[in-house]
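Colleague: I'm new to this one and would like to walk through it with you. Could you put it up on the screen?

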Amino acid sequence: MTIAIERRSKTRQPAPELDVERVRRDFPALEQTVNGKPLVYLDNAASAQKPRAVVDAVARAYVEGYANVHRGVHALSQQATAAYEGAREIGRRFLGAAEAREIVFVRGSTEAINLVAQSFVRPRLNRGDEILITHMEHHSNIVPWQMLCAARGARLKVVPIDDDGALDLGAYERLLGPRTAIVSLVHVSNALGTINPVRELVALARERGIPTLIDGAQAAPHTAIDVGRLGCDFYTISGHKVFGPTGIGLLYGRAELLASMPPYQGGGEMIRSVSFDRTEYAEPPHKFEAGTPHIVGAIGLGVALEYVESLGIDAIDAYEHELLAYATERLAALPRLRLIGTAGQKAAVVSFVVDGVHAHDVGTILDHEGVAVRAGHHCAQPVMERFGVAATTRASFAFYNTRDEVDRLVAGVERVLEVFS
Amino acid sequence: MSDLRELYQEVILDHYRKPRNFTVLRDATGEGVGHNPLCGDRVRVWVKIGDEGVIEDVAFQGEGCAISTASASLMTEAVKGKTVDEAEDLFARFQSMLTGDDGEHPDLGKLEALAGVREYPIRVKCATLAWHTLHAALARRAADAGTGGVVSTEMS
């Protein structure tokens, strides 16, 4: 099966080539030593390091022009509101949404998915209806649906994946049925790196009138996103994975759907008027932002997205693609090592198991060598079960990683093989 | 940080590759199930306690990292033939070796091979999982095993 990779085709200047040494100087965290060795940070899929611009913007937001948003008539509140809403506009542009009111600030992808499950799907879900996800989902795109299914007597359906970790497109099409209430699937798999052909998958659902949610938590740092072009109804990203602060993310929702949905949480900020008899809700997106929002997080996220845009997503994509190819080639050449996730279209994630060595021992030895990787089930236990492993070691790359760091990873794995000879 | 070889000593690698008492104990009087949700490791420990309160036999099954497997294996060797009280005392001293202030470990014999884990706090749970599970098995008779909970490293 060959599906063309989604590429950013928005009107943007051709990106210059990525200058990794210059980029690295933007990330103070990369200058650390760990266990006496220069840090090699390859746990980006869990959370990415932050450029100085984001760290500075967060500090500045607390010092200059900080106040609560949307209420004060005073200057600081107006400044804070402008910065907060400015970040929403950056989010709109980054995701390719038509209007800023289609961008809701959330804590992250997890909250975004829960919001859609509770506010959009739940009121429409009848007993016997189906929710379609895939076998490569993160727990955050499994558990909210399980909870909803249990509450409403609906059924969770799962699209299988093949031995390379690619989605079974034939099965996907067969599983799209008259009872399918929503398709919720991941753009880029955190455990396998697989890039799903989301545009085609969304189109197949749309032909049948089935709404779609795309979990873009892992896609945002690596891949072009254009919700207009994808045609999806909802799209989610987590700020901390795209070089922004923790505790902030974006939910894109098509304007007419957001308008039709009841609030997710009640409180201040999401109302137009309140009396004890009746409350009128604010319009989207504020309807879904009850309480004082993560103002400074949103501002930091805006700066992070601008930073990514300044490097150019095409330059990032090209650079990481080369890095992934190099890492794959070098790791695959090692004895006793099996790659988990070998789909044709992949983001810069390499998961592997070493024969006779548990992932945690691999992780400890790599850490000893200053190489930070994730060892475990990656919050995707069904993926582990599919490949018959309890855990994998995962090296996940960002645009600030280098070929030298791939060499350090490989040398670390060679050390593992030596200890467990 | 200490050298890797202090963590992965030969005796640990040996017990990882060839775990001792790695079997199901059919005539067990107690059974415990341990789980480390951080890494997914699971271990099951069986004990057969005689009339005098002596651990006549002990066995384990499970899948885990080198540290957890070797620790379970070494544990079964260490407690076999001991009384329940002696085994609990050994557990306390073993824990103290890994997490105590001074890290002293008098007379722990082969268990001292695991002293290096002390330098890797995140791995202490790997080394103690089997012991927590043994503790549960000693407290719980086989007849009750099915109704008992799972010992988790994430419980206080």
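Colleague: Let me start with a detail: is B:Cys126 buried or exposed?

Modeller: B:Cys126 is buried, with a relative accessible area of 2%, where buried means under 20% relative accessible area, exposed over 50% and partly exposed in between, using a 1.4 Å probe and protein chains only. Before we go on, this is a predicted model, in which local features need pLDDT of at least 70 and side-chain atom pairs count only at pLDDT 80 or more, while totals for chains, interfaces and linings use all residues. Residues are numbered from 1 along each chain as its sequence is written, chains are lettered from A and ligands numbered from 1 in the order in which they are written, and side-chain values use heavy atoms, with hydrogens and water left out.

Colleague: OK, and how many disulfides are there over all chains?

Modeller: There are 0 disulfides over all chains, a disulfide being a pair of cysteine sulfur atoms within 2.5 Å. B:Cys126 is accordingly in no disulfide, and the nearest cysteine sulfur, that of B:Cys65, is 3.9 Å away.

Colleague: What does the rest of chain B look like, in helices and strands?

Modeller: Chain B has 5 helices and 4 strands, both taken as DSSP runs numbered from the N terminus, with helices being H or I over at least four residues and strands being E over at least two. Along the sequence they follow the pattern α-α-β-β-β-α-α-α-β, and of the 156 residues of chain B, 49% count as buried.

Colleague: Switching to chain A, which domains does the assignment give?

Modeller: Chain A is assigned domain 1, made of 20–49 + 312–419, and domain 2, made of 55–310, and these bounds come from an automatic or database domain assignment. The centres of the two domains, taken over C-alpha atoms, are separated by 28 Å.

Colleague: How many residues of each are in contact?

Modeller: In domain 1 of chain A 38 residues are in contact with 32 residues of domain 2 of chain A, contact meaning heavy atoms within 4.5 Å. The area buried between these domains is about 2,800 Å², of which carbon and sulfur atoms give 56%; buried area is the accessible area, with a 1.4 Å probe, that two parts lose on being put together, summed over both. On the domain 1 side, A:Ile313, A:Cys379 and A:Arg386 lose the most area to domain 2, together 19% of what that side buries.

Colleague: Which salt bridge does A:Arg386 make?

Modeller: The side chain of A:Arg386 meets that of A:Asp163 in a salt bridge of 2.8 Å, N to O, under a rule that asks for a side-chain nitrogen of Lys or Arg within 4 Å of a carboxyl oxygen of Asp or Glu. Across the interface of the two domains that rule finds 1 salt bridge.

Colleague: And where do chains A and B meet, in terms of residue numbers and salt bridges?

Modeller: The contact takes 17 residues from chain A and 22 residues from chain B, and the area buried between the chains is about 1,600 Å², of which carbon and sulfur atoms give 56%. The count between the chains is 1 salt bridge, and A:Asp361 forms a salt bridge with B:Arg123, with the closest N and O atoms 2.8 Å apart.

Colleague: Why call the helix around there, α12(A), largely enclosed?

Modeller: Helix α12 of chain A, residues 359–368, is largely enclosed by the rest of the structure because 9 of its 10 residues are buried, and A:Asp361 is among them. Just after α12(A), A:Gly370 takes a positive phi of about 85 degrees.

Colleague: What does A:Val40 touch?

Modeller: Leaving out residues up to four places away in sequence, A:Val40 touches A:Gly370, A:Val371, A:Ala372, A:Glu405 and A:Arg408. A:Val40 lies in strand β3 of chain A, residues 40–41, and counts as buried at 1% relative accessibility.

Colleague: Last topic, strand β5(A): in what sense does it pair with β6(A), parallel or antiparallel?

Modeller: Strand β5(A), residues 130–134, and strand β6(A), residues 155–159, pair in the parallel sense over 5 bridges, where pairing requires that DSSP finds at least two bridges between the strands. Within this pair A:Glu130 stands opposite A:Arg155. From β5(A), A:Glu130, A:Leu132 and A:Thr134 point one way and A:Ile131 and A:Ile133 the other way, and all are buried.
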